[in-house]
Amino acid sequence: IIFSLLDSYILFKMDIVGQFREKAMYYTRDVTSGGGGEEDETALQCPSLSFKTRVIGFAVCVGVGILLSILSFLTFANLLLFGVLMTMGNICSLCGSMFLVGPLRQLKLMFKKVRVVATVVFLVAMVLTLLSALVLRNVGLTVLMCVFQYLALIWYGLSYIPFARSAVKKLVGGAVSSV
């Protein structure tokens, strides 16, 4: 009886995992194709990459990006190296999302009206971080550009969450007015 119950429980869990996997693949494919039953734009951009390969590419790039970001905070004593590693981590993470949705679709999403300012500030801040760290070797400017980078990245990320930006504006406005 115990083995039968255990077997039923395992089959039940496997069924839940299978359903979750199917739903995740459905929703991820819906995002990569732009929804609405359109042709898979990513498959047209990268016809040799399977869905599984794109997900692996995404995971590897984001993993490397996170690793570089963590390493950047471990090298905080050397602020120039910190800026370079943090920027390279952000670039790797950005490339990861291009694996998932395709480079053209990613660029279209980045430059939508709702997030174009955050995108431009983020990209300019990354370039200026690298210039200030590698060419100018200016620690203060490097740190300032890193701050702009993260603020722009947060603002960009909030654009994907409905009403998140307005909630943050109200929160910051309330905090500023109470001071």
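These questions and answers go through a predicted model of one protein chain.

Student: Which element of the protein chain has the lowest mean pLDDT, and which the highest?
Tutor: The chain as a whole averages a pLDDT of 80, and 74% of the residues score at least 70. Among the elements, the lowest mean, 49, belongs to helix 1 (residues 2-33). The highest mean, 95, is that of helix 6 (residues 116-135).

Student: How many contacts does the stretch of residues 11-20 have beyond near neighbours in sequence?
Tutor: The pLDDT over residues 11-20 is below 50. Where pLDDT is low, the predicted coordinates should not be read in detail. Beyond near neighbours in sequence, the number of contacts for residues 11-20 in the model is zero.

Student: And how many for residues 34-39?
Tutor: Here too the pLDDT is below 50. Beyond near neighbours in sequence, the contacts of residues 34-39 in the model number six.

Student: Which residues lie nearest the centre of the largest pocket?
Tutor: The largest pocket has a volume of about 360 Å³, and 14 residues line it. Helix 4 (79-101), helix 5 (103-110) and helix 7 (139-158) each give two or more residues to this lining. Nearest the centre are Ser93, Leu94, Ser97, Leu153 and Tyr156.

Student: How many residues of that lining are charged?
Tutor: By class, eight residues of the lining are nonpolar and six are polar.

Student: How far apart are the end C-alpha atoms of helix 4?
Tutor: Helix 4 has 23 residues, so at 1.5 Å a residue it should span 33 Å. The model agrees with this, as the end C-alpha atoms are apart by 33 Å.

Methods. Residues numbered from 1 in each chain as written. Predicted model: local features only at pLDDT ≥ 70, side-chain atom pairs only at ≥ 80, totals over all residues. Heavy atoms only, no water. 1 Å grid on protein atoms, 1.4 Å probe; cavity = no way out; pocket = protein on both sides within 12 Å on 5 of 7 lines; lining within 4 Å. Points joined across faces, edges and corners; volume = space filled by probe spheres on them. Helix = DSSP H or I, 4+ residues; strand = E, 2+ residues; numbered from the N terminus. Nonpolar A, V, L, I, M, F, W, Y, C, P; charged D, E, K, R; others polar. Expected span 1.5 Å × (residues − 1). pLDDT = per-residue confidence, 0-100. Contact = heavy atoms within 4.5 Å.
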